[in-house]
Amino acid sequence: MKRFFEAFLAAFLLGFVSDVHGLKFYRGHLVGYDIPIGDTSDVTRSTARISTEYYLQRLDHFNPTNKVHWSQKYFVNDAYMSDEKNVVFLYIGGESQASSYWMSNGAWIEFAETHGALLFMLEHRYFGESQPFSDWSTENLRYLSSEQALNDLATFISAMNDKYELPEDVKWIAFGGSYAGAMAAWLRQKYPHLVHGAVSSSGPLFAQLDFPEYLQVVIDDLALHSQECVDNLKEAITQLEDLIQNPNEDEDLNSLFSFCDDIAESANSTSDLANLFELIADNFAGVAQYHKTTNTLYNINLVCEILNDESKGNELHRLAEVNNFVEGITDDSSCFDYKYSNIIEKWSNATVIASGMMRQWMYQTCTEFGYYQTSSQEIPVFGSRFPLSFFTQMCVDIFGEKFNETFVGEKVQHTNIFYGGFDIETSNVVFVHGTIDPWHVLGLIETVNPQTPSILINGTSHCADLYSSSSSDSAELTAAREQIGELLASWISA
Ligand SMILES: *[C@@H]1O[C@H](CO)[C@@H](O)[C@H](O)[C@H]1NC(C)=O
Ligand SMILES: *[C@@H]1O[C@H](CO)[C@@H](O)[C@H](O)[C@H]1NC(C)=O
Ligand SMILES: *[C@@H]1O[C@H](CO)[C@@H](O)[C@H](O)[C@H]1NC(C)=O
Ligand SMILES: *[C@@H]1O[C@H](CO)[C@@H](O)[C@H](O)[C@H]1NC(C)=O
């Protein structure tokens with residue numbers, strides 16, 4: 001995906017390619033968020049005081065006889081630190097390589113300036129450079145869990161209190177987005193003596209095996225543009241399905257969608273077709289999830305304008321244009337790989353790659369969260385080819401027989417027992433969500449407990465509040481950041 005996306009960038013956004021990661025298309029596990037392309041901030045801040053350090057971390061926090069340690073990467077920035085050193089902000093690394101971009105960008109930097117905070121970011125175990133093992137065999141991945149990662153954060157906080165000689169009354173505030181947003185809330189819940197408060201952005205608190213609501217929100221987002229957009233998409237998916245089953249001389253699907261392999265060969269393959277339709281849905285999901293955040297081209301309105309443009313041919317042709325556009329396929333730069341066996345082969349590869357995240361995140365979905373973005377909507381728009389069994393079969397095909405649907409279901413249930421799901425009990429946590437973001441469904445969007453207020457921002461998508469404020473922000477987004485700032489001030493002064 002990264003390769004496709006870079007080709008796409010090179011064609012459309014010449015000059016912005018350096019240090020930009022590909023958008024995160026998790027193949028039905030879309031989570032995370034990314035650094036924006038180009039500078040969305042009105043202010044550029046110095047990076048002079050940012051340093052990269054390593055902390056010697058325990059492998060297994062639950063087995064005292066296991067003495068194995070490994071190097072966990074973190075960033076520190078003391079540019080804004082007050083003389084009292086009594087406020088520390090911790091940015092929680094999620095399911096991707098930690099980027100030092102966040103050490104001088106994002107809304108939290110504005111809050112750090114206000115409160116004189118010392119800044120840290122800890123990379124999540126098994127991502128980026130923070131690798132306990134030299135390979136990602138299923139056996140080695142068994143120490144990859146949110147519970148171990150929260151323990152990493154807790155021991156890290158304690159170690160930094162000593163290393164930086166922070167005062168007894170130091171107040172640590174955790175920040176995080178997406179999975180790391182849920183972690184920020186869980187960290188405050190589990191370690192209230194170490195963490196004074198948390199800003200939890202777009203965090204899916206509730207683990208759910210089958211998550212059809214995700215694509216339902218994507219459909220609802222498209223309907224905000226026009227019902228016509230949804231109808232055209234649905235019609236295009238039907239046309240594609242028909243043509244795969246009944247090929248027509250006049251319509252060459254292979255060239256239309258730039259398929260890497262002849263689609264006629266896969267006409268009887270349930271898994272290839274499930275993967276194909278899931279990938280198409282995933283591209284729409286990416287546009288909805290990153291709507292107006294990471295890249296100005298990721299915009300629901302642009303996609304709907306193409307789908308509704310009759311001058312571009314029938315619905316199928318318009319769908320192909322959207323798909324090629326999001327896949328980043330430009331002329332002969334690449335092709336669309338829908339083969340199930342290829343994806344399984346790729347994710348079964350245990351080679352450690354610093355920028356890799358699919359295999360590890362898949363492992364976490366198979367052992368903790370589920371979150372499978374299935375096609376099981378009441379009124380299918382993306383077809384019905386990727387139900388829950390498609391995803392749980394992936395767990396089996398990638399990690400082994402043991403990881404079957406029964407197993408994943410039990411793990412998901414355990415996660416909700418362990419963290420409390422929607423019934424999380426804590427204080428000094430603000431939950432922030434956007435109505436456009438499909439993940440808001442698994443978060444707390446209404447304030448039940450005044451100690452843990454929720455802010456639901458009308459019209460924004462995933463983690464929008466985490467980015468630096470910009471003159472193009474909506475009034476709703478600006479107001480949300482102000483409210484977060486007021487809460488932070490009240491916790492810090494209390
Ligand atoms: C798909 O199945 C049909 C009916 O059994 C058969 O005629 C056709 O050859 C099969 N196609 C492929 C590519 O295997
Ligand atoms: C696994 O991935 C690595 C790194 O991308 C690659 O060099 C290697 O050839 C792959 N192994 C297999 C068996 O595909
Ligand atoms: C999963 O595997 C266990 C045995 O490890 C078995 O008892 C269970 O029935 C299996 N579940 C499914 C859905 O196949
Ligand atoms: C959300 O924003 C949309 C578009 O600006 C507006 O039509 C709608 O009334 C707003 N909803 C709420 C609850 O404020």
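Colleague: Is R385 buried, partly exposed or exposed, and at what relative accessibility?

Modeller: This is a predicted model, in which local features need pLDDT of at least 70, side-chain atom pairs count only at pLDDT 80 or more, and totals for chains, interfaces and linings use all residues. Side-chain values use heavy atoms, with hydrogens and water left out. Buried means under 20% relative accessible area, exposed over 50%, and partly exposed in between, with a 1.4 Å probe and protein chains only. R385 therefore counts as partly exposed, at a relative accessibility of 23%.

Colleague: Which residue meets the side chain of R385 in a salt bridge?

Modeller: A salt bridge here is a side-chain nitrogen of Lys or Arg within 4 Å of a carboxyl oxygen of Asp or Glu. For R385 the N to O distance is 2.6 Å, and the pair links distant parts of the chain, 144 residues apart. The partner is partly exposed, with a relative accessible area of 22%, and the residue that R385 meets is E241.

Colleague: How far apart are the closest N and O atoms of E53 and K163?

Modeller: E53 is partly exposed at 25% relative accessibility, and K163 is partly exposed with a relative accessible area of 47%. In the salt bridge between E53 and K163, the closest N and O atoms are apart by 3.9 Å.

Colleague: Is R481, which forms a salt bridge with D473, buried or exposed?

Modeller: The closest N and O atoms of R481 and D473 are 2.9 Å apart. Because its relative accessibility is 7%, R481 counts as buried.

Methods: Residues numbered from 1 in each chain as written. Chains lettered and ligands numbered in written order. Helix = DSSP H or I, 4+ residues; strand = E, 2+ residues; numbered from the N terminus.
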